[in-house]
Amino acid sequence: MRSLKQRLVPFWLLGPGLLWLIFFFVVPMYFMGELALYSGSLRSGFELTWAFENFPNALSGHEEQILRSFFYAGTATLLCLLIGYPLAYAIAFRAGRFKTLLLFAVIAPFFTTYLIRTIAWKTILSDDSPVVSVLQTLSLTPGDGRVLATSGAVIAGLTYNFLPFMILPLYANLERLDLRLVEAAKDLYSSSRTAFLKVTLPLTMPGIVAGVLLTFIPAFGDYINAELLGGTGQAMIGNVIQSLYLNQRNYPEAAALSFLMMALILVIVLVYIRFAGTEAFMGDEDDAEGAK
Amino acid sequence: MVSKDRQQGGAAAVLAVMVAIVALVLGLAACGGGGGGGGDSSEAPTAKAGPVKGDLTISNWPGYIEPGKDGTVAEFEDETGVSVKYIEDVNDNEDFLGKLQPQLEQGESGGRSIFVVTDWMAELMYDLGYLQEINSDDLPTVFENMSASLRDPSFDPGRKFSIPWQSGMTGIWVDQSKAPEIKSINDLFDPKYKGKVTMLSEMRDTVALVMKAEGVDPAEATNEDWLAAIDKVKSAVDSGQIRRFTGNEYNEDLNAGNVVAAIGWSGDASIISNENAEWVMPTEGCVLWSDNMVIPVGAPNTPAALGWMEFVYQPEVAVKLAEYITYVSPVEGLEDLAKPEVAKNPLVFPTPEFQKNCSTQVSPPDVEEVEEAWQDVLTG
């Protein structure tokens with residue numbers, strides 16, 4: 001009997017997560033999948049007709065926004081990595097007693113909602129703002145001297161909003177790095193650069209992989225930044241789905257497009273993890289043990 | 001120590017909970033689906049009248065009422081004792097229907113008893129079976145005071161389901177300190193103002209104005225005329241001429257000084273803080289429309305909703321509102337009551353001469369085709 005109780009422990013522990021997944025993922029997915037196969041319009045009513053043509057229809061004409069989403073999310077992820085890695089490194093090894101304060105500073109923006117922070121950028125980047133005047137003086141603004149309502153503003157917004165998602169996993173990973181390994185490399189006459197490239201970077205790969213996924217996936221599906229900081233010609237695929245749902249009320253096509261985007265992201269993630277190696281993603285416990 | 005019985009009981013409880021969850025999920029899945037019935041042919045219900053009391057929730061556009069202690073809502077509350085929740089959550093007709101459609105389809109209004117939507121949207125909502133009919137006997141003040149020109153619109157002759165809230169004109173808000181020379185819609189396409197112009201995402205406003213600029217009368221326009229005008233907007237989008245498409249939030253870019261001109265609505269002065277911004281009647285004329293109070297299906301407390309309509313149609317209430325928001329009031333004969341400077345304001349009391357080139361807002365012949373082309377431009 002005791003063994004039965006023990007066998008049930010995992011279910012108890014999994015329970016809340018499972019419930020969450022069932023109610024907020026499986027059930028909505030089921031409805032969305034069903035909706036994607038409907039046809040009709042709001043006026044004539046929607047009917048389940050197994051309309052698989054919704055899938056190709058949803059893609060056609062939106063290739064540009066899909067590519068744009070890749071470009072924006074990819075650039076933002078790269079920028080996040082370039083900004084986030086040195087920052088996480090500095091917090092982990094060089095911050096001393098300011099470590100907690102700096103970590104707090106990374107998380108602090110979350111105390112204000114995402115939407116408000118993005119709207120604040122509208123003010124910061126408005127055409128007559130001091131920030132933009134400085135950029136104009138330095139000739140860093142594109143053609144017509146504005147920042148707001150350009151691709152640059154959308155990418156900057158994405159980078160800003162998702163930066164903590166990059167920093168935190170990187171930091172968690174760098175924190176665990178055994179500095180004696182770097183010392184050992186230096187003892188063996190490696191330069192700082194080589195020690196970083198051969199020891200630190202490979203050992204922090206799991207953090208990089210996790211950070212890239214946590215940044216890229218939400219950035220790809222984001223529509224707030226393009227909506228608020230972008231102008232015409234900066235719509236991402238999230239904006240297209242929003243327009244299909246809310247403005248055109250073409251629910252089946254919107255559901256089909258959402259599904260395709262989800263599948264696309266899933267494939268990319270799988271390929272990426274395969275490429276980066278599952279150990280890198282999950283964190284190789286054996287290696288960590290061995291290092292100790 | 002815990003007895004074996006109790007342990008077994010615990011295990012059984014876990015299993016029972018799991019089974020219940022699975023059953024619930026399957027049940028949900030079974031009763032779900034069916035995304036929208038549409039085309040309800042059954043008779044629309046009629047909004048019930050009765051004593052005006054309780055709570056009332058109203059959805060309206062931003063800057064469309066006098067706020068504060070002396071404002072319209074406060075006065076209504078003082079007079080009737082009704083507690084009003086006034087939400088400014090209509091920014092764009094399409095967006096608003098998109099947000100509420102799933103609830104309306106279920107016969108619910110999200111707690112709202114009144115929406116304010118533009119003529120064509122009121123018609124669409126009525127056709128979809130989302131609105132209640134209004135008995136004119138319940139609204140003596142409204143039907144006594146309503147302007148003659150608003151009594152029999154083509155989409156709702158005799159006003160069976162829509163009561164005008166305000167009327168207005170779509171034209172151009174121009175920042176006079178930056179581009180005083182902008183007088184016509186065609187000026188907005190001048191490369192000089194590249195990236196400094198916004199247009200409304202409302203197709204029936206923006207595209208109609210562009211057609212007028214091309215010399216096409218929207219009332220006579222064919223689908224090809226609409227699509228040609230959309231093409232013209234599209235090339236302006238591609239060249240970076242048009243900064244954004246907006247709903248009522250076009251005031252933001254205008255206030256921040258980001259644009260020199262925006263296609264916008266005549267009475268929004270109360271939400272435009274840029275002192276240099278001025279509404280300009282385009283040389284090719286404006287688009288005329290009305291926004292209407294409608295009572296959705298499932299609206300709680302319809303007596304209070306009817307009470308609100310009666311209240312705002314009293315000339316002394318209407319004139320105060322008109323003076324504040326500077327749209328065209330649906331109540332007749334306010335000129336004599338209004339302050340002299342308001343009585344002279346052509347945006348509040350437009351003369352036929354002022355509106356001579358204007359066209360009433362219309363929908364394209366084939367709404368679906370044109371709408372799709374337009375949405376492609378908006379999310380280009």
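Which residues have the most contacts inside the largest nonpolar core? Before I answer, please keep in mind that this is a predicted model, in which local features need pLDDT of at least 70 and side-chain atom pairs count only at pLDDT 80 or more, while totals for chains, interfaces and linings use all residues. Residues are numbered from 1 along each chain as its sequence is written, and chains are lettered from A, with ligands numbered from 1, in the order in which they are written.

The residues in question are Met125(B), Ala261(B), Ala305(B), Trp308(B) and Met309(B), in a core of 109 residues. A nonpolar core here is a set of buried Ala, Val, Leu, Ile, Met, Phe, Trp, Tyr and Cys residues joined through C-beta atoms within 7 Å. Buried requires 20 or more other C-beta atoms within 10 Å of a residue's own, exposed means 12 or fewer, and partly exposed lies in between, with C-beta atoms placed from the backbone. This core draws at least three residues from each of domain 1 (55-161 + 295-313) and domain 2 (169-288 + 359-378) of chain B, the bounds coming from an automatic or database domain assignment.

Take Ala261(B): leaving aside neighbours within four places in sequence, its contacts (C-beta atoms, placed from the backbone, within 7 Å) include Ile172(B), Trp173(B), Tyr193(B) and Val197(B).

Ala305(B), Trp308(B) and Met309(B) are among the buried residues of helix H9 of chain B, a helix covering residues 302-312 in which ten of the eleven residues are buried. Helices (H or I, at least four residues) and strands (E, at least two) are DSSP runs, numbered from the N terminus.

Let me turn to Gln241(B), which sits in the loop between helix H7 (223-238) and strand E6 (242-246) of chain B. Gln241(B) counts as buried because it has 21 C-beta neighbours inside 10 Å.

Chain A, finally, comes to 15 helices and two strands, and buried residues make up 33% of its 292 residues. Its mean pLDDT, the predictor's confidence in each residue from 0 to 100, is 89. Confidence is highest in helix H3 (residues 63-94) of chain A, at a mean of 96, and lowest in helix H15 (residues 285-291) of chain A, at 44. Over residues 285-292 of chain A pLDDT stays under 50, and the model has two contacts beyond four places in sequence for that stretch. Where pLDDT is low, the predicted coordinates should not be read in detail.
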